[in-house]
Amino acid sequence: MRRGIAASALALILACSLTACGGSDQASGSSGNPAKDGGTVTWWDTSDAKAEAPTYRAIVADFEAKYPKIKVNYVNVPFADAQNRISTAFSTGSDAPDVIRSEVGWTPELAAQHYLRPLDGTPALVGAKDFLPNPAAATRYEGKTYAVPQVTDTMALFYNKRMFAAAGIDHPPVTVDELETDSALIKKKLGKTGFYLRGDDAYWTLPFIYGEGGDLVDADTKTVTVDNAAGIRAFKVIKGLVDSGAAKTSLTDGWTKMMSDFQAGDVAMMINGPWALSTVRKGGGAFAAPSNLGIAVVPAGSAGQGAPQGGQSYAVYANSKNIAASELFVQYMSSSEVQAKITKALGVLPTRKSVWARPDIASIDSVKSFKKAIDKVHQRPWIPEGDSLFAPLATEYAALLSGKESPQSAARNTGDAYRKNLGWK
């Protein structure tokens with residue numbers, strides 16, 4: 001899961017490209033025995049305060065029981081505010097957390113600013129070979145590891161099984177064309193909308209861009225690609241879903257409206273990730289019986305299926321005064337035992353191969369359903385400016401959906417903004 005970078009955070013990136021920011025990027029190895037010496041670790045967790053945070057609080061309590069000399073100051077920070085709050089705390093050093101839950105797109109940005117401690121060779125990275133390659137790739141920047149994978153994710157199609165059955169649909173749509181056909185059947189037979197397309201977050205464009213064989217940029221060649229032929233096709237597909245009536249959308253409060261319409265049974269399908277499972281299942285309504293929730297891979301475009309790589313990681317503040325205790329905390333929280341507990345409680349996806357291989361984990365419906373999507377995940381560009389790509393895209397996405405821009409002009413304007421901001425071709 002991710003959000004677009006805020007303007008203040010982007011300014012920090014540009015400033016830090018000219019001068020060194022934050023602390024040293026040299027890991028010197030932990031000293032002392034944190035289990036014996038103790039200390040206090042402040043952890044900023046960005047999980048959902050109602051649906052997910054209680055599980056993490058309970059695991060923190062387990063850690064404190066195992067290591068009674070260490071006190072964890074647990075702080076739940078709303079995800080929407082977290083990126084700016086973290087950047088501000090790290091840049092000023094005022095009440096900065098020792099450990100953060102870092103969205104995968106934030107890690108290279110914060111590492112480039114020298115705000116994160118390299119973790120190679122430290123206790124935090126015990127069992128590093130056990131991590132899945134894609135989540136592990138998102139923790140590295142310029143040859144060093146700056147975070148430890150917590151959960152991995154991607155996007156999938158959530159659908160209402162009862163609505164499908166009532167409309168005579170016997171399987172979820174495999175392609176975008178089938179999505180439109182199924183939406184027409186749902187409209188005809190049930191008088192409901194088939195699909196909710198979230199319109200206020202540009203991250204929801206990625207499955208369509210990747211599905212047409214496109215991408216936002218090519219980081220290897222430093223080339224902007226969002227406005228090539230594949231990108232324009234993706235914008236046409238998105239606009240076509242809305243114009244045909246297959247999808248409904250909103251440019252404001254998109255998350256709230258998408259979730260409420262889906263849970264109320266007013267729409268049959270939405271694209272979402274594992275982070276939404278707890279909310280859907282605990283929200284009642286159409287999914288008071290959890291078995292009514294279907295999960296399938298995102299419908300493929302003309303080039304195939306391609307949902308984005310997402311997830312969360314644990315990262316340690318470079319200037320933390322509690323390095324040893326923080327690394328031990330990260331080691332515990334990312335362990336196989338804890339990952340299994342979190343997956344069982346919340347349905348989110350683990351990052352360790354050993355956890356995926358456990359029969360009690362592999363048999364969980366959400367794990368089985370998302371496994372197919374995880375296998376086809378599309379890597380985002382792990383560059384410091386990665387999250388800054390979403391602000392221009394969000395502007396043009398809104399203009400596209402509102403009819404102010406054509407697919408061609410929306411793609412071109414996004415590409416021009418990238419070229420200006422990045423200095424790429």
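Rings of Phe, Tyr and Trp (its six-membered ring) form a pair if their centres lie within 6.5 Å, and a pair counts as stacked when the planes are under 30 degrees apart, as edge-to-face when they are over 60, and as tilted for the rest. Ring pairs of this kind link Trp43, Tyr56, Phe63, Tyr67, Tyr74, Tyr314, Phe329 and Tyr332 into a cluster.

The model is predicted, so local features need pLDDT of at least 70 and side-chain atom pairs count only at pLDDT 80 or more, while totals for chains, interfaces and linings use all residues. Residues are numbered from 1 along each chain as its sequence is written, and side-chain values use heavy atoms, with hydrogens and water left out.

Searching the whole structure gives 16 aromatic pairs. One of them is edge-to-face and joins phenylalanine 158 to phenylalanine 370, with 6.2 Å centre to centre and 70° between the planes. This pair links distant parts of the chain, 212 residues apart, because phenylalanine 158 is in strand S7 (residues 156–160) and phenylalanine 370 in helix H17 (residues 365–375); helices (H or I, at least four residues) and strands (E, at least two) are DSSP runs, numbered from the N terminus.Both phenylalanine 158 and phenylalanine 370 are buried, where buried means under 20% relative accessible area, exposed over 50%, and partly exposed in between (1.4 Å probe, protein chains only).

The rings of phenylalanine 262 and phenylalanine 287 are stacked, because their centres are 4.7 Å apart and their planes at 25°. Phenylalanine 262 lies in helix H11 (residues 254–264) and phenylalanine 287 in the loop between helix H12 (277–282) and strand S13 (293–297), so this pair ties together parts that are 25 residues apart in sequence. Both phenylalanine 262 and phenylalanine 287 are buried.

A charge sits over a ring if NZ of Lys or CZ of Arg is within 6 Å of the ring centre and within 35 degrees of the ring normal.

| Charged residue | Ring | Distance from ring centre |
|---|---|---|
| Arginine 85 | Tryptophan 44 | 5.3 Å |
| Arginine 198 | Tryptophan 204 | 4.6 Å |
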